[in-house]
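Reader: I'm new to this one. Can you walk me through it?

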Amino acid sequence: MRRGADYLASLRDGRAVFLDGERVDDVTKHPAFAESVRRIAERYDAAGEALDVTTCADPARGGRIGAMWLIPQSAEDLGRRRAVHRFWAEGSYGLMGRTPDHVASVLTAFAGWRQLFDRGGRQFGDNVVRFYERARDEDLYLAYAIVPPQIDRSTPAHKHPEPFLHPGVVKETDAGIVIRGAHSIATSVTMADWLYVSYITPLAPGDVDYAISLVVPVNAQGLRLLPRRPYATLATSVYDYPLSARFDEVDTTVVFDDVLVPWEHVFVYRNVELVTAQFHESPAHVTANFQSLVRFGVKLELLAGLAMKLVEVGRGEGDANTQATLGGEIATFCAMFDALVKAAERFPLVSEGYARPDPQYIYAGMSLQRRLIVDLYRTVRELAGGAFQNLPSSEASFLSPETRAHTERYYRSTAAGARDRVKLLKLIWDFIGTEYGGRQLQYEMFYSAAQPVVNRRMFRSYDWASAKALVDRLLSEY
Ligand SMILES: Cc1cc2nc3c(=O)[nH]c(=O)nc-3n(C[C@H](O)[C@H](O)[C@H](O)COP(=O)(O)OP(=O)(O)OC[C@H]3O[C@@H](n4cnc5c(N)ncnc54)[C@H](O)[C@@H]3O)c2cc1C
């Protein structure tokens, strides 16, 4: 398995990250990125200590491979994948979505469904499998950028007033293809090794120059990474902002300034039909979002624990009304979500040797998740009242002789001392209320797509034929 130190060393590769207009020398040292990068490095080290979870037998060659690279052939294999997704999610308490196992899931599904890429020419299927094998053997960390900026969604890319606002092929050479344009968000790319680039948003028939699916190393010549404001640099201390300071997977706009992509890294070339088909005809979308839902389940557990502790720190186990709120508006959703993930795993659709997590449970989870999270945040806010605004400005209030006594006296509750209570409340506020908390909410709502888009995926996945057959049988009885 990859070691944390090796991972950190690999990030010092000259990648072009620009923050506040200035180039970042070393993401492993810069305060905007260092803590989150360290979390990933620690997780790689922990993965090496938990080989029974993070690796599994390689069905093709014998020996062992990282479990996130296992091409699932059965429910049992999906169970192995769930365990490794959970392992990675626990490293960030479910707060980081684009850990290495997310895009690894996309690539694994592509390799398990190479027949789709072969339709563009067998060399493209070969490219997919060869790169998958390399990523598996070197345990590479990939991020992805598959949604263009919201510059003009009303016209297809090839009809924009300026070409290559969205990433596309400006030139083809013997060495490869040259890409120009920008994609809107590649979460975690600043701490990844490679970037997968394509489109999940629909392409129009004339968009051939944009119909690409490929990988580039994050330090590729001409690839520029433009992060949003990182939250670690807004955090005044870990005590006051324990999540902002440590678990920010920085969302980053990626600009391709004529990036040369060698042919062997191209999976789809100028083929609109295949770009459109690759996520849904192959098992990539459901396999990757199986990871998303496992990760979300860990976050829900964190949320349930925070809500329960919020109540306990105020008034023990709470009164009957509070218990009803905890049970009906938090625990119910957590248990229901857990069941959906397990059902997706237990009842895969197996075809051509690949076990896809049952799409109807994946999309039911995704459709619910982006609504549930809003309700869950509201419930926690309801439980808290003004608690988050009735907090000392920082940990210094406990240290200053001017304020220590008042802080200890007036910020406690009957159930907890001031230090414990304030620490917990600051954690919960960072989870739901700070800029970091706001981004967490937006992530759950939009890491995949807008609600109508997710709902239509659910529409396509549900077994309407069985439902209608039931109606037909009933109608035929009289
Ligand atoms: C925190 C965060 C992290 C992300 N990380 C990544 C990443 O790592 N890689 C990546 O590629 N992308 C990432 N994304 C981008 C994500 O894929 C897109 O945000 C998502 O696909 C939605 O696209 P959009 O932002 O352009 O919004 P839009 O699709 O434009 O949605 C905006 C609004 O338009 C309306 N709308 C859109 N489409 C339809 C429709 N078909 N029918 C009706 N109404 C519609 C909806 O009302 C919606 O609320 C991330 C997004 C967020 C917020």
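**Salt bridges and helix turns**

Author: Start with helix H6 (residues 114-118), where Asp118 and Arg114 are four residues apart, so about one helical turn separates them. Helices here are DSSP runs of H or I with at least four residues, strands are E runs of at least two, and both are numbered from the N terminus. This is a predicted model: local features need pLDDT of at least 70, side-chain atom pairs count only at pLDDT 80 or more, and totals for chains, interfaces and linings use all residues. Residues are numbered from 1 along each chain as its sequence is written, and side-chain values use heavy atoms, with hydrogens and water left out.

Reader: What do Asp118 and Arg114 form?

Author: A salt bridge, with the closest N and O atoms 2.9 Å apart. The term means a side-chain nitrogen of Lys or Arg within 4 Å of a carboxyl oxygen of Asp or Glu.

Reader: Why does the spacing matter in a helix?

Author: An α-helix has 3.6 residues a turn, so residues three or four places apart point the same way.

Reader: Is Arg114 buried or exposed?

Author: Arg114 counts as buried, at 17% relative accessibility. Asp118 is partly exposed, with a relative accessible area of 21%. Buried means under 20% relative accessible area, exposed over 50%, and partly exposed in between (1.4 Å probe, protein chains only).

Reader: Which residue forms a salt bridge with Asp77?

Author: Arg80 does, and the closest N and O atoms are 2.7 Å apart. Both residues lie in helix H4, three residues apart, about one turn of the helix. Asp77 is buried at 9% relative accessible area, while Arg80 is partly exposed at 39%.

Reader: And Lys29?

Author: Lys29 forms a salt bridge with Asp26, where the closest N and O atoms are 3.6 Å apart. Lys29 is exposed, with a relative accessible area of 62%. Asp26 is buried, at 15%.

Reader: How many salt bridges does the whole structure have?

Author: The search finds 33. Some residues are linked in a network of salt bridges: Arg228, Asp248, Glu249, Asp251 and Arg439.

Reader: New topic. How many aromatic pairs are there?

Author: The structure holds 24. One is Tyr44 with Trp88, an edge-to-face pair at 5.1 Å centre to centre and 75° between the planes. Rings of Phe, Tyr and Trp (its six-membered ring) pair if their centres lie within 6.5 Å; planes under 30 degrees apart count as stacked, over 60 as edge-to-face and the rest as tilted.

Reader: What does the Tyr44 and Trp88 pair tie together?

Author: Tyr44 lies in helix H2 (residues 34-49) and Trp88 in helix H4 (residues 75-91), so the pair ties together parts that are 44 residues apart in sequence. Both Tyr44 and Trp88 are buried.

Reader: Which ring does the charged end of Arg370 sit over?

Author: The ring of Phe446, at 4.9 Å from its centre. A charge sits over a ring if NZ of Lys or CZ of Arg is within 6 Å of the ring centre and within 35 degrees of the ring normal.

Reader: Back to H2. How many residues does H2 have?

Author: H2 has 16 residues and reaches 23 Å from its first C-alpha to its last, close to the 22 Å expected at 1.5 Å a residue. That expected span is 1.5 Å times one less than the number of residues.

Reader: What do the buried residues of H2 pack against?

Author: They pack against helix H1 (4-10), helix H3 (51-54), H4 and helix H5 (100-111). Among those buried residues are Val37, Ile40 and Tyr44. Contact means heavy atoms within 4.5 Å.
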